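Subject: Structure handover

Hello,

Please find the structure below.

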Amino acid sequence: MTQPIRIDMAELRMVHLPLLTPFVISTGTMTHKAFPLLVLRADGVEGMAEGVMDPLPDYLEETTAGALDLLRGAVLPKLVGQKIAAPADIAPVLAPWRGNRMAKAVVEMAVWDLWARSMDQPLCRLLGGARDRVEVGVSLGIAPLEETCTRIAEALEQGYRRIKLKIRNGHDLDLLAGVRARFPDIKLTVDANTDYALQDLPMLRRMDRFGLDYIEQPLAFDDILDHAQVQAALETAICLDESIRTAKDARIALSLGAARVINIKVGRVGGFAEARAIHDVCAAFGVPVWCGGMLESGVGRAHNIHLATMPNFTKPGDTSSASRYFERDIINEPLEAVDGLMAVPEGAGCGATLDYDYLDTVSEVVEVWRA
């Protein structure tokens with residue numbers, strides 16, 4: 001029986017990290033990463049997690065402002081002072097609030113990190129991870145063909161195991177034709193970020209000729225049924241991202257034949273408990289999963305690496321080197337891929353430690369709750 005720990009303090013920051021280069025997808029352009037960072041302390045131990053919601057609801061419905069309001073006004077005042085023997089013990093704290101999975105994930109993931117550190121265990125071991133490094137690929141934002149090919153060549157030289165291209169309606173077939181002409185044998189995928197509709201099925205079928213590993217989330221963020229119709233018409237696998245929030249969503253999607261690959265983002269689904277459940281459902285269906293990214297700082301990146309050590313994460317994820325995105329990260333440990341492999345950060349919990357000197361310079365708001 002694990003000795004319970006008491007959450008003595010919660011610190012919530014709003015962090016703004018500039019990106020080295022703008023990141024363009026079908027729904028907009030990001031020039032910096034703004035996110036809430038939660039640090040929990042108990043018995044001299046520190047656990048942390050970051051949120052993946054956006055300032056505006058252009059990925060899913062949640063927003064940064066809404067998450068901060070829920071955390072400040074409802075969750076954190078109730079969380080501080082709680083005793084936990086395992087992460088599941090905070091379920092009653094989060095249960096009254098419907099939806100808001102990204103906001104809940106910040107709390108749940110920080111508790112997992114805190115719990116793992118309190119036992120001096122790496123997070124991956126407690127999650128059921130099976131390896132000490134994971135395969136990673138790169139995700140390339142929307143750009144003209146020549147620039148895209150230059151970025152692909154650089155990524156391949158760095159050893160990345162998969163290239164994912166962001167696409168949108170009208171920036172797709174010609175791009176893929178040009179890329180395949182120069183790189184006929186690379187493992188290539190595309191991410192539509194919901195920019196297509198069922199009426200675009202004839203065009204989506206033309207993507208079959210490019211030998212893609214999968215097409216990610218072509219249709220609406222909340223759709224499963226129409227994706228089943230698209231998957232039935234395509235040779236290429238459909239990968240669902242935004243549509244999958246729960247293990248139940250995954251079970252329904254796979255039962256209907258709506259996808260042959262699932263992207264698991266721990267922040268999207270509400271935390272590690274749900275991510276593990278989705279992983280297990282997909283394994284039961286014989287469907288592979290991979291770990292998606294949301295341009296996280298080193299804190300979220302470290303969490304993602306630990307998650308991706310689980311057995312059914314058999315496709316390269318998006319957790320590439322932090323130096324591709326940030327001139328300086330908020331953690332002390334360099335998270336850098338070597339030959340397309342990302343090593344699990346060493347140490348207890350997620351293995352990340354905060355660079356408070358730099359963190360203070362990029363934190364807009366710092367709020368503290370004490371028991």
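Helices and strands here are runs assigned by DSSP, a helix having at least four residues and a strand at least two, and both are numbered from the N terminus. Please keep in mind that this is a predicted model.

By that numbering, D172 sits in the loop that runs from strand 8 (163-166) to helix 6 (173-182). What does the side chain of D172 make a polar contact with? Its partner is the side chain of Y196, at 2.7 Å. D172 is buried but has no salt bridge. The nearest side chain of opposite charge belongs to R206, and that is 7.6 Å away.

Another salt bridge joins the side chains of R162 and D318, at 2.8 Å from N to O. This pair links distant parts of the chain, 156 residues apart. R162 is in the loop between helix 5 (145-157) and strand 8, while D318 is in the loop between helix 12 (298-307) and strand 14 (341-343). Both R162 and D318 are buried.

The side chains of D191 and K166 also meet in a salt bridge, at 2.7 Å from N to O. D191 belongs to strand 9 and K166 to strand 8, so the pair ties together parts that are 25 residues apart in sequence. Why do both count as buried? Buried means under 20% relative accessible area; D191 has 1% and K166 has 8%. The two pairs belong to a network of salt bridges that links R162, K164, K166, D191, E216 and D318.

Next, the backbone. Most residues other than glycine have a negative phi. Two residues here go against that rule. T194, although not a glycine, has a positive phi of about 70°. T194 is in the loop between strand 9 (188-191) and helix 7 (201-205), and is partly exposed, with a relative accessible area of 23%. Q217 is not a glycine either, and has a positive phi of about 40°. Q217 is found in the loop between strand 10 (215-216) and helix 8 (225-233). Is Q217 buried or exposed? Q217 is buried, with a relative accessible area of 0%.

Helix 11 covers residues 272-285, which makes 14 residues. From its first C-alpha to its last, helix 11 reaches 20 Å, close to the 20 Å expected at 1.5 Å a residue. Its buried residues include F272, A275, I278, H279, V281 and C282. An α-helix has 3.6 residues a turn, so residues three or four places apart point the same way. After helix 11 comes G286, whose phi is positive, near 70°.

Last, the surface. L225, I252 and L256 form a nonpolar patch there, with about 270 Å² of accessible area together. I252 is in helix 9 (residues 247-256), and counts as partly exposed because its relative accessibility is 31%.

Regards

Notes
Residues numbered from 1 in each chain as written. Predicted model: local features only at pLDDT ≥ 70, side-chain atom pairs only at ≥ 80, totals over all residues. Heavy atoms only, no water. Expected span 1.5 Å × (residues − 1). Buried < 20%, exposed > 50% of the residue type's maximum accessible area, 1.4 Å probe, protein only. Patch = residues over 30% accessible without salt bridge, like charges linked within 9 Å, V, L, I, M, F, W, Y side chains within 5 Å. Areas by Shrake-Rupley, 256 points an atom, 1.4 Å probe, with all protein chains shown as cover. Salt bridge = Lys/Arg side-chain N within 4 Å of Asp/Glu carboxyl O. Lys, Arg positive; Asp, Glu negative; His and termini not counted. Polar contact = N/O pair within 3.5 Å; in protein donor to acceptor, adjacent residues only side chain to side chain.
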